[in-house]
Amino acid sequence: MASNPRADSRWGGPRAALAAILALAATLRAVGIEYGLPFGNLLNPDEQSIVPRAWRMVHGGGLDPHWFDYPTLLMYVLAPFQAWQGAPSYLAARAVVLVAGVGAVAASWWLGRRAYGGAAGAVAAAAVAVEATHVGYSRMAVTDVPLTLAVAVALTLMVAGKLEWAALAVGIATGFKYPGVLLLVPLAVAGWGRWWRLAAAFAIAIFTFLATSPYVLVHPGQAVHESLAVQRLARKGWLGFEHDHVSPIAFVARLWSGLGPVLIVAALGLVLALIRRRRTDVLLASFVLVYFADLLTLHAHFDRYVLPLVPPLAALAGRVRYLTPVTLLLLVVPLTWSIRNDLRLTRTDTRVVAFRWIESHLPEDSTVAAESSTPALANFPVLPLALPGPGRPSDPNRSVARLRRRGVGYVIVTGAIADRVLAARSSYPREARFYAELREGAKRLYYVAGGHGLNGPWVAVYRL
């Protein structure tokens, strides 16, 4: 739908409005970008799977990641910014993703404007700018925000009828993260009836994906095995989601935690799109519905999984033109949430404080057993304690007696793991018993928790 100049003028100049929205988006995302550094697993553990591999690519390791839990494109994008770093730079990687996050705001403005006019563009951009989950992940060097950017661009190009360029964006989206392949559904809608052109678009999408993750062709068996293994884990569930509602309710709750009451307006826009079924309506609705349907197969209800839905839902919220002033006012709610989360990230993480204590108090030759989500201890021999989860075997090292037999002198545990285990102790009896063994049979040397200027989970250090 073409934009209406008169409607645009009522909103005070679209370029000035977009500039203000982008400035707000960048500011929200820049706060806390150094949180947890230099450790790469405190803000998001997945960073340590991506950033070191990107660093190795430009430091003699070659372009083959030898790892396919995710496609390779984000590593390739991050790698040039690691070239002058002496060690993997999480800050440089986060800065690249921050730019992608701000880009997703601009792409959402483009999507809303192209789909439903200038006012819808302003609503879509503003909604993505303050959406709490998108703000949070825009400072993490992981795949979800780049995927969201590619989704917004691909859908915009489909709305504009630029099928081949849209197919290129679909391939790029899938190169960032495998669920980008679901964009083939609205691509099919966009090209329906133009079969030769649609076939060419599908070929472009496949070629682009393979160009951005070429070693999928070199190691096809490994790539299929590892990508499917990740999907199986997500379908089985994850530690911390044992008592969640069923997937439809859980993922709607995740959307609400990012958008707040604007989600109601977006749902209304989706209903109107399904009733009126104009070409643009069908394109956006088809992606929202097929992507949400895929989420329903998952029992791991991570908030980041809903991010690709945010730009089309924001555009659909802008579709309800008579509610535009109300929608913009309602954005104060997610803006408040984002500011609150930002303020938390201005504090020091408890695990950084614990690391400093450990470095200065434990003998360097001591063997330490440590849970995930704790800082890497370069000066100590470390025995990692495996993360529990649905369908995963219990780690036999989660036993005080066994650790003593193995010569382990100290154990580091954190509420990031322990609190979730104890909340579902019937699912993890062995792991829950391990924490009881530590309390009763080991000496707690150190404990720190959030509050008083600190942020993060509690950390405890025991001597066996």
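Mentor: Let's start with a term: a nonpolar core is a set of buried residues such as Ala, Val, Leu and Met, joined through side-chain atoms within 4.5 Å. Keep in mind that this model is predicted.

Trainee: Which residues have the most contacts inside the largest nonpolar core?

Mentor: The general idea is that in soluble globular proteins, nonpolar side chains tend to be buried together. Here the largest such core has 100 residues, and Met 158, Leu 183 and Leu 187 have the most contacts inside it. Helix H5, residues 90-116, supplies the largest share, 10 residues. Another core, of 22 residues, lies apart from it and includes Leu 385 and Val 400.

Trainee: What does Leu 183 touch, beyond residues up to four places away in sequence?

Mentor: Its partners are Val 151, Ala 154, Leu 155, Met 158, Val 170, Ala 173 and Phe 287.

Trainee: Now helix packing. At what angle do the axes of H15 and H17 cross?

Mentor: Angles of 65 to 115 degrees count as roughly perpendicular. The axes of H15 (residues 262-276) and H17 (residues 310-319) cross at roughly 80 degrees and come within 7 Å, so H15 is roughly perpendicular to H17. Their contact has 10 nonpolar, one polar and two charged residues. Among them are Leu 270 and Arg 276 in H15, and Leu 313 and Arg 319 in H17.

Trainee: Is Asp 281 buried or exposed?

Mentor: Buried means under 20% relative accessible area. Asp 281, in helix H16, counts as buried because its relative accessibility is 0%. Its side chain joins that of Arg 319 through a polar contact of 2.9 Å. Beyond its neighbours within four places in sequence, Asp 281 is also in contact with Tyr 116, Ala 273 and Arg 276.

How values were computed: Residues numbered from 1 in each chain as written. Predicted model: local features only at pLDDT ≥ 70, side-chain atom pairs only at ≥ 80, totals over all residues. Heavy atoms only, no water. Buried < 20%, exposed > 50% of the residue type's maximum accessible area, 1.4 Å probe, protein only. Helix = DSSP H or I, 4+ residues; strand = E, 2+ residues; numbered from the N terminus. Contact = heavy atoms within 4.5 Å. Axes fitted to C-alpha atoms, helices over the stretch in contact; angles between N-to-C directions. Parallel < 35°, antiparallel > 145°, perpendicular 65-115°, else oblique. Nonpolar A, V, L, I, M, F, W, Y, C, P; charged D, E, K, R; others polar. Polar contact = N/O pair within 3.5 Å; in protein donor to acceptor, adjacent residues only side chain to side chain.
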